[in-house]
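Here is a short note for a colleague opening this entry for the first time. Please keep the model in view while reading the points.

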Amino acid sequence: MSASSSSRLPASNPLRRRYAIVGLGSRHELYQDGIEKVHAPTAELVALCDSNAGRLEVARGRSVRNGATVPAGYLAADFARMLAETKPQTVIVTTADSAHHDYIVRAMEAGCDVITEKPMTTDAEKCRAILDARKRTGRSCRVTFNYRYSPPRSQVKDLLMSGEIGDVLSVDFHWLLNTHHGADYFRRWHSNKKNSGGLFVHKSTHHFDLVNWWLGAMPVAVMAMGKREFYTPAMARRLGLTGPHERCQTCPEKAKCGFFMDLAAAPSLKQLYLDQEQHDGYFRDRCVFRDDIDIEDTMNALVTYDSGATLSYSLNAFNAWEGYTVAFNGTKGRIEHSIVESVYVNGTETVQGGIADGGVSTRVIPLRGEARNIVPWSAVGDHGGGDRLMLEDIFLPNPTPDKYLRAADERAGAASIAVGIAGNRSMQTGAGVRVADLFPDLGRPDYAPMPSRTAALPMPSRG
Ligand SMILES: NC(=O)c1ccc[n+]([C@@H]2O[C@H](COP(=O)([O-])OP(=O)(O)OC[C@H]3O[C@@H](n4cnc5c(N)ncnc54)[C@H](O)[C@@H]3O)[C@@H](O)[C@H]2O)c1
């Protein structure tokens, strides 16, 4: 593949930054379109790489539709040659999670900066390899925490920074995935811990990053529990099936299964996955009740922070609605914030959720006096507008200085997965896990200065 598709390398424009993308599934499309359709004046996509020859060609076809110069295409085995021949300045990593570290380290070793999707990686050893390579090479490693850019979540950061509720002493945070989006993690590579780290890493990295960043603090210790009790063979039988079976396409009970996914009926899913199975046997529609799934669907964690705050967190993947509730309990009051999300399973446009008022609610409740409802900040686009704002922050040459420090680096990437990886360990052992025992040299991210809690507080009135 690489020989034929890389023989005509695109002409380079010295005014534009040169990017390559490795991992050409659904998520990479955000970056390819961002470069080729929105940020073409300052960015250029010079190479594409994937382990699947079919998806590689689909992505190259996307460049044609985007009206862009078609980037050189390389199979995964030719990644090093891709770097040498096309000389990208930045490599964007959007492979399955467990392969991130390999490409991040090799790209930095070759002199490239890196932008990686979350989670930065899946275990402590791979995380250490990334932190070491970052120090050794001096290249940058950005982790794309798009959730920080969602306007209502940036607004919560703004409220916390204003000091209105004082020092945060505890946080209650509960994330719900419904049976459209939540089930999707049990269909494919995410459903095995060796690929994704489980949902405590793959999904909760977003949530633990939000808490770390909202609090401006570092996690110290984690106590966790988890189980899989819904996406199981026993549940398939309780729901009246005889299965589980291997996959939806060939399932003898597809007509009566509420979790049936028709890859052939959704053109984008068909082209990206069904039509490319011949190359690598990656089935996008495996049964969500399979026996070989080894990730949890129900997780709870208690986390302590070096600011003194404690976090009570849960993640549930089979819920009736999708979204979250979070509450910050401070020395001067409480912030309650929740979002009911409209869920989109890539390619199927599944929308869920009883959204009465746009789905966003934020309230500030002082220890004394009236509570006030906050008019939420908003933006348009995927992930509540967060994806578009993040791309601007990445691809515009001189982004405006950001007082919320939303651009995340490898220290933030590590701090967020540290909680989930420690949680996984705690689930195994039944004991609390100190983060420093797994990650002895975790640096402090830019948002987390050394903690202090010394400011005098006004006495609440007696009324
Ligand atoms: N920030 C977000 O909101 C968000 C949303 C979706 C996905 N993601 C992340 O994006 C990444 C990709 O997710 P996706 O949904 O696109 O998955 P996907 O399965 O659709 O795509 C993954 C692609 O990587 C390729 N690949 C796998 N292993 C590889 C390897 N070793 N070398 C080269 N290519 C390899 C696969 O062939 C596939 O094309 C994941 O890390 C995921 O966590 C982030």
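This is a predicted model: local features need pLDDT of at least 70, side-chain atom pairs count only at pLDDT 80 or more; totals for chains, interfaces and linings use all residues.

1. Now the wider search. Across the whole structure, 2 cavities of 30 Å³ or more are found. The largest cavity has a volume of about 150 Å³. Its lining has 16 residues, and those closest to its centre are C248, C251, C257, C287 and F289. The lining of the largest cavity splits into 11 nonpolar, 2 polar and 3 charged residues.

2. Turn to the ligand. How many residues surround the ligand? There are 28, and the closest are D50, R55, D97, Y103 and Y273. Domain 1 (2-146) and domain 2 (147-230 + 293-378 + 410-438) each give at least three residues to the shell around the ligand. That shell has 9 nonpolar, 12 polar and 7 charged residues.

3. A polar side-chain atom of Y273 sits 2.5 Å from a ligand oxygen atom. For D97, a polar side-chain atom is 2.6 Å from an oxygen atom of the ligand. S51 uses its backbone: a polar atom there is 3.3 Å from a nitrogen atom of the ligand. On its own, the ligand has 850 Å² of accessible area, and the protein covers 87% of this.

4. Look last at an open space. The second largest pocket contains about 560 Å³. It is lined by 25 residues, with G166, D167, V168, L215 and S452 the closest to its centre. The lining of this pocket divides into 14 nonpolar, 6 polar and 5 charged residues.

5. Which helices supply the lining of the second largest pocket? α7 (151-162) and α11 (204-215) each supply at least two residues. The largest share comes from α7, with 3 residues.

Terms used:
Residues are numbered from 1 along each chain as its sequence is written. Side-chain values use heavy atoms; hydrogens and water are left out. On a 1 Å grid over the protein atoms alone, a cavity is a set of points where a 1.4 Å probe fits but cannot get out, and a pocket is an open set with protein on both sides within 12 Å along at least five of seven lines; lining residues have an atom within 4 Å of a point. Grid points are joined across faces, edges and corners, and a volume is the space filled by probe spheres set on the points. Helices (H or I, at least four residues) and strands (E, at least two) are DSSP runs, numbered from the N terminus. Ala, Val, Leu, Ile, Met, Phe, Trp, Tyr, Cys and Pro count as nonpolar, Asp, Glu, Lys and Arg as charged, and the others, Gly among them, as polar. A residue is near a molecule or strand if one of its heavy atoms lies within 4 Å of it. A polar contact is a pair of N or O atoms within 3.5 Å; within protein, one must be able to donate a hydrogen and the other to accept it, and residues adjacent in sequence count only if both atoms are side-chain atoms. Accessible areas come from the Shrake-Rupley method with a 1.4 Å probe; for residues, only the protein chains shown count as cover. Domain bounds come from an automatic or database domain assignment.
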